[in-house]
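Student: Could we go through this structure together, one question at a time?

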Amino acid sequence: MCFTDYLFHSGSNKIIMKKINFRKKFEKFSEHWSPKVIAELNDYQFKLVKIKDDFVWHNHEHTDEAFIVIEGKIFIEFENRTEEINKGEMIIVPKGMNHRPFAKNEAKIMIIEPRGVKNTGRLNNELTAPNDDWI
Ligand code: NI
């Protein structure tokens, strides 16, 4: 799939913009903890992720990270508290702050962060997802 199929030039060189439907995009994958890029805004990417069970403790040295819950409920554990984020809510995790997301039941979320950010921060393990994986 062309990675910017929502923005393209027509024959007369006009830019065509197509809307993006989250539900249709979520139907395209089933794996957990594997962010899929659906759009870019300048240097930022919009990624859809299905999450369930526990992720690893990590932080992002160079960037804040936005979590928006589209369906279900997630939790983000910080060193001194755990935040519950429900459908229709969002949270910004500041740069450098340790966090551990988890969900008791499958939840569908959007992450907004700069292009090139690794989901597990500095760690490389079985939860490290491929970067720039467009759907
Ligand atoms: Ni993170």
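This is a predicted model: local features need pLDDT of at least 70, side-chain atom pairs count only at pLDDT 80 or more; totals for chains, interfaces and linings use all residues.

Student: Which residues coordinate the nickel ion?

Tutor: Along the chain, the donors follow the spacing H-x1-H-x4-E-x33-H, and they sit at 2.1 Å from the nickel ion. The residues that coordinate the nickel ion are His58 (NE2), His60 (NE2), Glu65 (OE) and His99 (NE2).

Student: Is the site of the nickel ion tetrahedral or irregular?

Tutor: Four donors count as tetrahedral if all angles lie between 85 and 135 degrees. The angles among the four donor atoms of the nickel ion run from 84 to 169°, so by that definition the site is not tetrahedral. The site is classed as irregular.

Student: How many residues apart in sequence are the parts that Glu65 and His99 tie together?

Tutor: Glu65 belongs to strand β5 (residues 65–71), whereas His99 is in the loop between β8 (90–93) and β9 (100–114). Because of these positions, the pair ties together parts whose separation in sequence is 34 residues.

Student: Is Thr63 buried or exposed?

Tutor: Thr63 is found in the loop between β4 (44–54) and β5, and, leaving aside neighbours within four places in sequence, Thr63 is in contact with Pro94, Lys95, Pro114 and Val117. Buried means under 20% relative accessible area. With a relative accessibility of 8%, Thr63 is buried.

Conventions
Residues are numbered from 1 along each chain as its sequence is written. Side-chain values use heavy atoms; hydrogens and water are left out. Donors are N, O and S atoms within 2.8 Å of the metal (3.2 Å for Na, K and Ca); water is not among the atoms, so sites may look incomplete. Four donors count as tetrahedral if all angles lie between 85 and 135 degrees; four count as square planar and six as octahedral if opposite donors are over 155 degrees apart and all others between 65 and 115; anything else is irregular. Helices (H or I, at least four residues) and strands (E, at least two) are DSSP runs, numbered from the N terminus. Buried means under 20% relative accessible area, exposed over 50%, partly exposed in between (1.4 Å probe, protein chains only). Contact means heavy atoms within 4.5 Å.
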